[in-house]
Amino acid sequence: MAKSLIQKVWDAHTVRQLANGQTQLLIGTHLIHEVTSPQAFGMLRDLKLPVAMPHRTFATVDHIVPTDQFAEPYSDPLAQAMMDALRKNCAEFGITFFDRQSGKQGVVHIVGPEQGITQPGTTIACGDSHTSTHGAFGAVAFGIGTTQIRDVLATQTMALGELKVRRIEVNGKLHPGVYAKDVILHIIRTLGVNGGTGFAYEYAGDLFDRMSMEERMTVCNMSIEGGARVGYVNPDETTFAYLQGRPYSPKGADWDAAVKRWKSFASDAGCHYDDVVKIDAATIEPTVTWGINPGQGLSVSEFIPDPAKATSVDEKSSIEEALAYMKFKPGAPIKGTKIDVAFLGSCTNGRLSDFQEVAKYMKGRKVAKGIKAIAVPGSQIVALQCAKLGIDKVLSEAGFEWREAGCSMCLAMNSDKLVGDQVSASSSNRNFKGRQGSPTGRTILMSPLMVAAAAITGTVSDVREVFAVSAN
Amino acid sequence: MALAKITQVSGRAVCVSGNDIDTDRIIPARFMKCVSFDGLGEFLFYDVRKNEDGSNKPHPLNESRFNGATILLSGANFGCGSSREHAPQAIQKYGFRAVIAENYAEIFFGNSTTLGMPCLCASREDIAKIAAAVQANPQLEVVLDVVAQEVRFGGQTIKTTQRESARDALINGRWDSIGELIDGKDAVAKLAKTLPYLAA
């Protein structure tokens with residue numbers, strides 16, 4: 001019988017059915033970080049249990065790390081306490097820790113792929129909703145809560161209900177200036193922030209076939225913003241080429257066997273999908289958000305919605321709530337909206353290709369006066385690659401503060417925060433109320449190059465007007 | 001590991017209305033700088049409840065007449081966003097024992113169930129009926145019946161729905177699956193041998 005990737009991975013990892021009808025699923029790779037794991041280790045100690053598979057558990061520190069301070073103790077004692085707890089837990093339970101001294105630290109969803117830990121046909125869990133990122137490799141990757149982290153630490157399994165599968169097929173070519181970020185913002189805008197509840201998203205079509213691994217990661221990363229628990233792309237030659245030679249990738253004869261195995265996980269032609277959505281890539285424009293959830297998106301040439309024109313009571317109240325928070329005028333163009341902060345980074349867009357694309361156009365340009373612009377590489381390896389290519393220098397000369405690797409202003413658990421009701425042009429993934437560290441701060445999500453354009457003009461701008469963008 | 005069978009939650013209710021209430025709103029990220037969940041309750045909905053100087057904003061949870069409510073009412077897609085268990089933990093630590101909303105984001109729902117906090121779904125109209133009744137009389141006892149899948153209050157009864165696996169887990173006292181997962185140890189070891197990438 002023809003099967004989808006998720007069915008094959010699910011079948012290969014099913015331990016047994018549980019009494020309540022859920023599946024006990026083996027989790028091959030467990031990624032942990034400092035914010036959601038300390039309580040889980042506490043629960044493990046209470047149960048007097050060891051970590052079941054320490055060699056399949058990998059840790060890094062990302063959410064709380066200061067991006068302007070390397071030396072410890074950190075100026076924030078709470079951040080230091082979380083760092084210390086993770087270090088202690090990893091040492092005690094024999095877990096590999098990519099700490100800042102290793103040169104391999106970074107946002108957990110950037111570190112896993114970079115190290116070759118993220119592999120096709122595997123199951124991955126991490127106490128972070130953006131774990132869906134790893135689906136770019138044809139892995140089935142779940143964001144989980146702390147009690148489930150305990151479950152995975154203790155048993156290397158967790159209890160899960162099956163998901164439906166929606167194939168999102170995007171065919172055709174993107175216009176110059178339109179990026180993977182615009183594709184996923186467009187998908188979420190089209191299907192809604194809760195359109196994916198109960199579904200896994202399979203991203204397919206010739207657009208995804210042509211995408212690099214980093215672009216696929218950007219799309220899979222935001223699956224959760226559309227309500228989908230996981231998102232994935234079927235593994236192909238692009239996937240294998242990315243993985244070859246990475247520290248945790250199989251070597252020699254094992255490599256050939258692994259590639260053969262990985263290929264076997266791709267969805268079969270004619271397999272069952274619970275839903276299929278088709279999108280023409282040429283209809284996607286540079287997309288930005290205007291409201292307080294990632295589904296409230298617009299193409300940059302569109303106008304801010306007017307509650308008076310809403311087609312339902314729900315839509316009307318959600319527009320009103322968003323406008324009241326964002327302090328935007330209904331019917332006004334989103335283009336030209338004044339910004340205060342430009343943020344480049346995050347697990348969505350903090351990879352080498354993101355900074356490369358920005359540097360290509362920022363050379364010789366300057367961040368507008370009065371705009372605070374920060375660029376935060378997603379990992380120490382990304383930082384190193386950028387340094388080798390002189391990207392850090394280009395961005396610094398343009399007026400960006402070039403920082404140390406971490407999650408930074410995506411969720412502002414460190415000192416990188418908006419102040420008051422500042423407006424941020426951000427390459428991150430969430431524009432919730434207060435998300436970037438100020439209870440009244442405002443976030444406009446967009447692609448990295450759109451962030452660069454906003455930084456130069458001081459307003460939300462169309463990349464195609466600010467830069468002479470060429471086809472990717 | 002004997003767990004309580006959660007068949008019914010009864011108590012007073014309060015409505016925090018709105019759709020797409022995300023986990024950042026339920027518990028802002030800055031309060032997650034902790035190595036324990038204790039004490040999260042006081043920061044529940046902090047930024048919508050408090051001004052920057054710490055004074056109260058108008059919010060149902062700031063109204064003394066709703067003090068002691070144990071059932072939280074809300075709208076659609078409740079708990080969307082981050083996977084932080086800090087969100088249901090904050091709700092529970094604040095004193096809530098159950099949530100009734102139109103529907104829930106996936107991860108939030110799973111996290112809540114694992115904590116033994118029923119999250120039942122009801123239609124908007126029915127939630128509005130409960131909200132109106134408790135608005136008129138905050139002392140009204142609301143009985144949420146997980147077994148019968150209904151909510152009874154002031155002589156009215158409304159129907160609720162819930163994913164069967166969650167309902168089963170709650171009413172049979174197996175909402176925390178750790179015991180069952182540990183019991184599968186031998187089957188896990190056997191399966192792990194079939195997956196080359198798990199080799200030590």
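Visitor: At roughly what angle do the axes of helix 13 and helix 15 of chain A cross?
Guide: This is a predicted model, where local features need pLDDT of at least 70, side-chain atom pairs count only at pLDDT 80 or more, and totals for chains, interfaces and linings use all residues. Residues are numbered from 1 along each chain as its sequence is written, and chains are lettered from A and ligands numbered from 1 in the order in which they are written. Helices (H or I, at least four residues) and strands (E, at least two) are DSSP runs numbered from the N terminus, and axes are lines fitted to C-alpha atoms, for helices over the stretch in contact, with angles from 0 to 180 degrees between N-to-C directions. For helix 13 (residues 352-362) and helix 15 (residues 391-398) of chain A, the axes come within 9 Å and cross at roughly 50 degrees.

Visitor: Which word describes helix 13 of chain A relative to helix 15 of chain A?
Guide: Under 35 degrees is roughly parallel, over 145 roughly antiparallel, 65 to 115 roughly perpendicular, and the rest oblique. The crossing is at roughly 50 degrees, so helix 13 of chain A is oblique to helix 15 of chain A.

Visitor: What is the bridge partner of Gln24(A) in strand 8 of chain A?
Guide: Strands pair if DSSP finds at least two bridges between them. Strand 2 (residues 23-26) and strand 8 of chain A pair in the antiparallel sense over 4 bridges. The partner of Gln24(A) there is Ala159(A).

Visitor: In what order do the 4 strands of the open sheet in chain A come?
Guide: The pairing is parallel. Strand 11 (230-233) and strand 12 (275-280) of chain A are the edges, each pairing on one side only. The order is 11-10-9-12.
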